[in-house]
Each structure stands twice: as structure tokens, then as C-alpha cells.
Amino acid sequence: MFTGVKGWPILADPKRAPIARQIDDADVAYRQALEPADQVDFIKCIYDGEPGAPDKLPFDALKAIVAAAHEKDKKVLVHVHERGDLEEAVAAGADGIEHAFQPQDPGSTAEARDVAALLAETNTCYCPTLVTWEQLAHNGDIGCLHQLVDDGFATHDDIPEITARPICGSEFPRHSAQDSHIRFDYAMRTLGLMHDAGVRISAGSDVALLMPSPPVALLRELHLLAKAGLPLPAVLAAGTRHSAEKIGRQATITVGSVADALLLDADPYADITHLIDRSRHIGTVRAVRPSWGEHLAR
Ligand SMILES: [Zn+2]
């Protein structure tokens, strides 16, 4: 993971700091991206912050990282803030964009249309992480937690555990609740038009700060994609094929291939709840091992 100098809060996270590299030079970036490329599944670049500020990864460095990764056949996913970041990331050759962008004019869909045209034309994957913006927009809002219970993503017993977390009710670094609200609403409103324009959308949970667990956050993301108006085949593709393609994995199952699978007892193309209701999850195949009927891990 590459950031600018003293970049994203990842550096303050002891679990993730060892995989983060702070970059202010394109040549160093190229070498540092080339060296671990054989050992990683993909490379993520954090490309937000004010242009020219030391905490923003320089554009030349971003280009150098993409070039090194592509030499090693690895994909590069770029975390963006605003539309300008997204456009530069695409210009640098990013394979995927992480996070719905923060609109400058939330009242107009023009930005989303421009971005959609760019992403479709360059076949760049778009992972809006709606569930992240939903959580950050409603941090500490008990009504939102009850909504999760009503929608089947949490139980009443989960609520005290979630509200006891230190992040609950305190502002997330760099993303105010107000901005996150705007980002969430705008993405929910414009994702349908992005899909219609031919953008490949993938499903990502990102954080589970105010969700029972990361897998549940991913199910919530699928639910939100459907709520945003994506047709169900596109929601399913977001959680499977597009996510595989995004990191350069084989995206279709063929004879002799190895795949993990989730078995449902109802058709997810008929109703999204057939996928997100965990009582419908009747079996899994993981690392070639089937497991049936028993209560599946949350
Ligand atoms: Zn990110």
C-alpha cells in the first residue's frame, strides 16, 4: 500500500503500517513497487489529499507504481477523494477506483455522468464502498443501528457491543459525517446511471467500524447496491466476477478450476434478500472443502 509522506491513517494502524510505504519520489516508488510485486495479490495506492501537499502521493510516483505493477502482471487499485483524483488515477493507468468520489456539486449529476463516461471508456473498475459512507455519515446515530437490525444485518444484542467501540460517536479522521452524508447520498443517486453507462462496478466493504463484522458489511454493500438501483445480475457480478477481475483473478468457473462458493437455498436473481439473509446460506466450499448445514460462521 502506497501513500504520500505521513499519508493516510493507515500508518497509525499497527496491523497495517508494516505493509504501507510513504513515497515522495517516482524512482523510489518504482523500485518499491517492483520488489514486493511477486508476493502480493494487488497494490493499493492512497491518492487523496491536496495536490502538491506532502501527504499526497505525487502523480509521477503513482504512474511509476502502476508501471512497475503492470510489469509484474499485478493490478493497482487507487483510493480517491474527489473527481480530480479519480481522473488522474485513470490517467496513471489504475485498474480500479476505490470509494465513491466526493462530488463538488451534489445537486447535479453532471460529475457522475462525466466520471461514468471515463470509467466505461477505459474499462476501469469502480468500487464505491457505499457501506463505508453510510457508516461514517451515521456514526453514533442509534436510529441507523436500529435500521440495521430491521434490515437483518444486526441483532439487538449487537448494538451495545457496537456502541461501546471507541470510534462510535467520534469523528473519523479526514471524513466528516456531513461530507460522508453527501458522498453516500450522491453515490446512491448516481450509481444506476454509472451502471447504465457501462461501468464495471465491484463490491467492497472497506471498514466495519459500526457493523457487526466485515462479512456483514459486505452483505450490506450488496444490499445497498441493489437499493441504489443496480439490476440484480449486476449486484451479483459486483460481488463475484468484477471483484475477481479487479485483482486479476480468473473470473469464470471452468472445468478444472478451483473456486470458493456460497450455496443458497433460494434464487438470488429473484430477490436480493435471498443472498443477504444468512438463513439462506446453506453451505460453502472453501479451499476445496465443502461444509453443509451447520451454522455458518458470521
Ligand atoms: Zn481506501
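This is a predicted model: local features need pLDDT of at least 70, side-chain atom pairs count only at pLDDT 80 or more; totals for chains, interfaces and linings use all residues.

Visitor: Why can K44 and H79 be said to tie together separate parts of the chain?

Guide: K44 belongs to strand β3 (residues 42–47), and H79 belongs to strand β4 (residues 75–80). The pair therefore ties together parts that are 35 residues apart in sequence.

Visitor: How do you know whether K44 and H79 are buried or exposed?

Guide: A residue is called buried under 20% relative accessible area. K44 has 14% and H79 has 7%, so both are buried.

Visitor: How do you know how many disulfides there are?

Guide: The rule asks for a pair of cysteine sulfur atoms within 2.5 Å, and by this rule the count is 0 disulfides. For C125, the nearest cysteine sulfur is that of C127, 7.4 Å away, and C125 is in no disulfide. For C144, the closest cysteine sulfur is in C168, at 10 Å, which is too far for a bond.

Visitor: On what grounds are C125 and C144 called buried?

Guide: The cut-off is again under 20% relative accessible area. C125 has a value of 0% and C144 a value of 14%, so each is buried.

Visitor: What makes a space count as a cavity, and how many are there?

Guide: A cavity is a space where a 1.4 Å probe fits but cannot get out. The count is 2 cavities of 30 Å³ or more.

Visitor: Which residues line the largest cavity, and of what classes are they?

Guide: The lining includes E134, Q135, H138, C144, C168 and M211. By class, there are 6 nonpolar, 4 polar and 2 charged residues. Helices α5 (130–137) and α6 (142–150) each supply at least two residues of this lining, and the largest share, 3 residues, comes from α6.

Visitor: What lines the second largest cavity?

Guide: Its lining consists of A100, F101, Y126, Y186, A187, T190, L191 and M194. These divide into 7 nonpolar, 1 polar and no charged residues. Helix α8 (residues 177–196) gives the largest share, 5 residues.

Visitor: Why is α5 called mostly covered?

Guide: Buried residues are those under 20% relative accessible area, and 8 of the 8 residues of α5 are buried. Among them are L130, W133 and L136. The buried residues of α5 pack against α8 and α9 (214–227).

Visitor: What makes S180 a buried residue, and which residues does S180 touch?

Guide: S180 is placed in helix α8. Its relative accessible area is 1%, against a cut-off of under 20%, so S180 is buried. Leaving aside residues up to four places away in sequence, S180 touches W133, L136, A137 and H175.

Technical notes. Residues are numbered from 1 along each chain as its sequence is written. Side-chain values use heavy atoms; hydrogens and water are left out. Buried means under 20% relative accessible area, exposed over 50%, partly exposed in between (1.4 Å probe, protein chains only). Helices (H or I, at least four residues) and strands (E, at least two) are DSSP runs, numbered from the N terminus. On a 1 Å grid over the protein atoms alone, a cavity is a set of points where a 1.4 Å probe fits but cannot get out, and a pocket is an open set with protein on both sides within 12 Å along at least five of seven lines; lining residues have an atom within 4 Å of a point. Grid points are joined across faces, edges and corners, and a volume is the space filled by probe spheres set on the points. Ala, Val, Leu, Ile, Met, Phe, Trp, Tyr, Cys and Pro count as nonpolar, Asp, Glu, Lys and Arg as charged, and the others, Gly among them, as polar. Contact means heavy atoms within 4.5 Å.
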